[in-house]
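Subject: Handover of a protein structure

Dear colleague,

Please find below the structure that I am handing over to you. I would be grateful if you could look through it alongside the notes that come after it.

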Amino acid sequence: MEKSIIIAGYGGQGVLFFGTTLAQAAMLEGKNTTWIPSYGAEMRGGHANCSVKISDNEIASPIIDYADYGIFLNDKAMEKFEKSMAKDSLVIANASIIEKTPSRNDVDYLMIKLGDCAQSIEGGLLNIVTLGYFIKKTQILKKQSALNALEFVSKKKNPSFLKRNLESFEAGYNFE
């Protein structure tokens with residue numbers, strides 16, 4: 001099994017944190033993984049994306065030509081990366097702010113109000129709600145691996161966010 005994921009949104013939405021956590025969870029399961037970040041010079045409001053590959057075997061190249069999964073947190077992300085999705089791939093899009101109509105009929109779209117879910121939690125975080133939702137829907141990795149990775153990455157980045165991250169993950173994981 002080798003799966004590729006593109007995660008994209010505005011700088012400040014936690015796109016890179018999402019990707020780092022996903023790659024860490026893959027490593028905890030003994031899988032091979034790559035993580036490549038890309039972002040503009042702006043700290044917030046610019047565009048940010050990352051690509052993650054997860055595989056049971058060695059990964060020949062970290063470059064993603066066509067992704068199996070797309071996580072799009074805003075209109076610009078969907079507009080830019082929709083063409084990078086493989087046929088029969090899955091896109092999870094934040095319908096709370098994405099107004100763009102999906103343009104491809106060979107891709108499965110889950111247009112979900114993930115931002116609304118995040119706002120329903122005190123201090124809810126869109127990226128982590130989306131991570132929980134992604135893990136539940138795809139089962140690409142085990143829930144416990146994702147939670148362990150989230151704890152590890154949170155403690156490295158900002159330990160005070162751990163409780164918010166765990167609550168946001170659970171909300172996304174249980175969101176319908």
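The notes below go from the whole chain to individual residues.

Please bear in mind throughout that this is a predicted model.

The chain as a whole

The protein chain contains 6 helices and 6 strands. Their order along the sequence is β-α-β-β-β-α-β-β-α-α-α-α. The C-alpha trace extends over about 40 × 40 × 35 Å along its principal axes. The radius of gyration is 15 Å, and this agrees with the value near 16 Å that a compact globule of 176 residues would have.

Of the 176 residues, 50% are buried. Among contacts with a separation of 6 or more, 56% are between residues 24 or more positions apart. The chain exposes about 8800 Å², and carbon and sulfur atoms supply 49% of that area. As to charge, there are 20 positive and 20 negative side chains, and the centres of these two sets lie 3 Å apart.

Glu82 sits in the loop that runs between α2 (75-81) and β5 (85-94). Its relative accessible area is 3%, so Glu82 counts as buried. What lies 2.8 Å from a polar atom of the Glu82 side chain? It is the backbone nitrogen of Ser103. Ser103 is also one of the residues that Glu82 touches beyond four places in sequence; the others are Phe72, Ala77, Lys100, Pro102, Arg104 and Tyr109.

Lys31 belongs to the loop between α1 (15-28) and β2 (32-39). With a relative accessible area of 19%, Lys31 is classed as buried, because the limit for that class is under 20%. The side chain of Lys31 forms a polar contact of 2.9 Å with the side chain of Asp56. Setting aside residues up to four places away in sequence, Lys31 touches Asp56 together with Met1, Ala26, Ile54, Ser55, Ile140 and Leu141.

Leu162 is part of helix α6, which covers residues 162-174. Its relative accessibility is 15%, and Leu162 therefore counts as buried. Apart from neighbours within four places in sequence, Leu162 is in contact with Leu150, Glu151, Ser154 and Lys155. Helix α5 covers residues 143-157. The C-alpha atoms of Leu162 and Val52 are 23 Å apart, and these two residues are separated by 110 residues along the chain.

Two residues with positive phi

Asp88 is not a glycine, yet it has a positive phi of about 65°. Asp88 is located in strand β5. Is Asp88 buried or exposed? Its relative accessible area is 60%, so Asp88 is exposed.

Gln139 is likewise not a glycine and has a positive phi, of about 50°. Gln139 is found in the loop between α4 (126-138) and α5 (143-157). Gln139 is exposed, with a relative accessible area of 61%.

With kind regards

Key. Residues are numbered from 1 along each chain as its sequence is written. This is a predicted model: local features need pLDDT of at least 70, side-chain atom pairs count only at pLDDT 80 or more; totals for chains, interfaces and linings use all residues. Side-chain values use heavy atoms; hydrogens and water are left out. Helices (H or I, at least four residues) and strands (E, at least two) are DSSP runs, numbered from the N terminus. The radius of gyration is taken over C-alpha atoms; the globule rule is 2.2 Å times the number of residues to the power 0.38. Buried means under 20% relative accessible area, exposed over 50%, partly exposed in between (1.4 Å probe, protein chains only). Contact means heavy atoms within 4.5 Å. Accessible areas come from the Shrake-Rupley method with a 1.4 Å probe; for residues, only the protein chains shown count as cover. Lys and Arg count as positive and Asp and Glu as negative; His and the chain ends are not counted. The place of a charge is taken as NZ of Lys, CZ of Arg, CG of Asp or CD of Glu. A polar contact is a pair of N or O atoms within 3.5 Å; within protein, one must be able to donate a hydrogen and the other to accept it, and residues adjacent in sequence count only if both atoms are side-chain atoms.
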